[in-house]
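Dear colleague,

I am passing on the structure we spoke about, with the sequence alongside. Please look it over first, and then read the notes that follow.

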Amino acid sequence: MGEVRSLRAMPPRVRLRPTMQSDLEYVLSLERDPANLPYITPWERIQHEAAIRFPDFRHFIIEAGPDLERGGFLILIGCRNQHQSIELKRMVVQNKHQGYGRAALRVVKKIAFDDLGAHRFWLDIKKRNTLARGLYESEGFTFEGELRQAVKVQDGYDSLVVFSMLDTEFADRRRHAQELPG
């Protein structure tokens, strides 16, 4: 679907492709990985199956590295939303700190705004996910607010932090070569 050589010096190679049924064990294994569990609320297999089939969703495998091997997944919701507000529901990257998450985020922003016609592209993350927060802020997302103690976690509750980007902000970033070209 989309592919990027990141806007940095030695860019990682990333491509997104639609998730297939045969990818679901991989997706579920990433969700169950102890390194990811503190930051996401895993879905059941049936939820992923529905996301693959339902037209309002886009479920992608992140292919990364020189050989474009499976390196994660991401899910968009609201792709047919009448308000043109699309949510990045989840992004999980297998090999962290390699630049694959940033590169995948740039590809999915291009898909959201250019291909799906988003006016608003938004997401929420658990407040304790400071690594993700830094990524989204550095990629132009604006902090909108906090849903206090919105999700139950192993040691109590965590808040959700909401971020968004508008199409005008994306276009401005593109004019300044901070986004992939159109």
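**Overall layout**

Read from the N terminus, the elements of the protein chain follow the order β-β-α-α-β-β-β-α-β-α-β-β-α, which amounts to 5 helices and 8 strands. Please keep in mind throughout that this is a predicted model.

Along the principal axes, its C-alpha atoms fill a box of roughly 45 × 40 × 35 Å. Of the 182 residues, 48% count as buried, and the accessible surface comes to about 9600 Å², with 50% of that area belonging to carbon and sulfur atoms. Among the contacts in the protein chain with a separation of 6 or more, 60% are made by residues 24 or more positions apart.

In soluble globular proteins, nonpolar side chains tend to be buried together. Here the largest nonpolar core has 34 residues, and those with the most contacts inside it are Leu16, Leu74, Leu76, Met91, Phe121 and Tyr136. At least two residues of this core come from each of strand E2 (13–18), strand E3 (57–64), strand E4 (69–77), strand E5 (85–93), H3, E6, H4 and E8, and H3 gives the most, with 9 residues.

**Helix H2 and its two sides**

In helix H2 (residues 45–53), the buried residues are His48, Glu49 and Ala51. Seen down the axis of H2, these buried residues fall within an arc of 160°, so they line one face of the helix. On the other side of H2, Ile46 and Arg53 are exposed. The cover over the buried residues of H2 includes helix H1 (24–32), E3, E4 and E5.

Ala51 illustrates the buried face in more detail, as its relative accessible area is 2%. Leaving aside neighbours within four places in sequence, Ala51 is in contact with Trp43, Phe57 and His59. The C-alpha atoms of Ala51 and Leu76 are separated by 8.8 Å, although these two residues are 25 residues apart along the chain.

**Salt bridges**

Side chains of opposite charge can pair when their charged atoms come close. The structure holds 22 salt bridges, and I describe some of them here.

Glu139 forms a salt bridge with Lys109, and the closest N and O atoms of this pair are 2.9 Å apart. Glu139 lies in the loop between helix H4 (130–138) and strand E7 (142–153), whereas Lys109 lies in helix H3 (residues 100–115), so the pair ties together parts that are 30 residues apart in sequence. Both Glu139 and Lys109 are buried.

A salt bridge also joins Arg128 to Asp155, with the closest N and O atoms 3.2 Å apart. This pair links distant parts of the chain, 27 residues apart, since Arg128 sits in the loop between strand E6 (120–126) and H4, and Asp155 in the loop between E7 and strand E8 (156–166). How exposed are the two partners? Arg128 is partly exposed, with a relative accessible area of 33%, while Asp155, at 61% relative accessibility, counts as exposed, the cut-off for that class being over 50%.

The pair formed by Arg133 and Glu137 lies within a helix: the closest N and O atoms of this salt bridge are 3.1 Å apart, and the two residues, 4 residues apart in helix H4, are separated by about one helical turn. An α-helix has 3.6 residues a turn, so residues three or four places apart point the same way. Arg133 is partly exposed, with a relative accessible area of 25%, and Glu137 is also partly exposed, at 39% relative accessibility. Elsewhere, salt bridges that share partners join Arg102, Arg106, Lys109, Glu139, Arg173 and Glu179 into one network.

With best regards

Methods
Residues are numbered from 1 along each chain as its sequence is written. This is a predicted model: local features need pLDDT of at least 70, side-chain atom pairs count only at pLDDT 80 or more; totals for chains, interfaces and linings use all residues. Side-chain values use heavy atoms; hydrogens and water are left out. A salt bridge is a side-chain nitrogen of Lys or Arg within 4 Å of a carboxyl oxygen of Asp or Glu. Buried means under 20% relative accessible area, exposed over 50%, partly exposed in between (1.4 Å probe, protein chains only). A nonpolar core is a set of buried Ala, Val, Leu, Ile, Met, Phe, Trp, Tyr and Cys residues joined through side-chain atoms within 4.5 Å. The arc is that of the directions from the helix axis to the C-beta atoms. Contact means heavy atoms within 4.5 Å. Accessible areas come from the Shrake-Rupley method with a 1.4 Å probe; for residues, only the protein chains shown count as cover.
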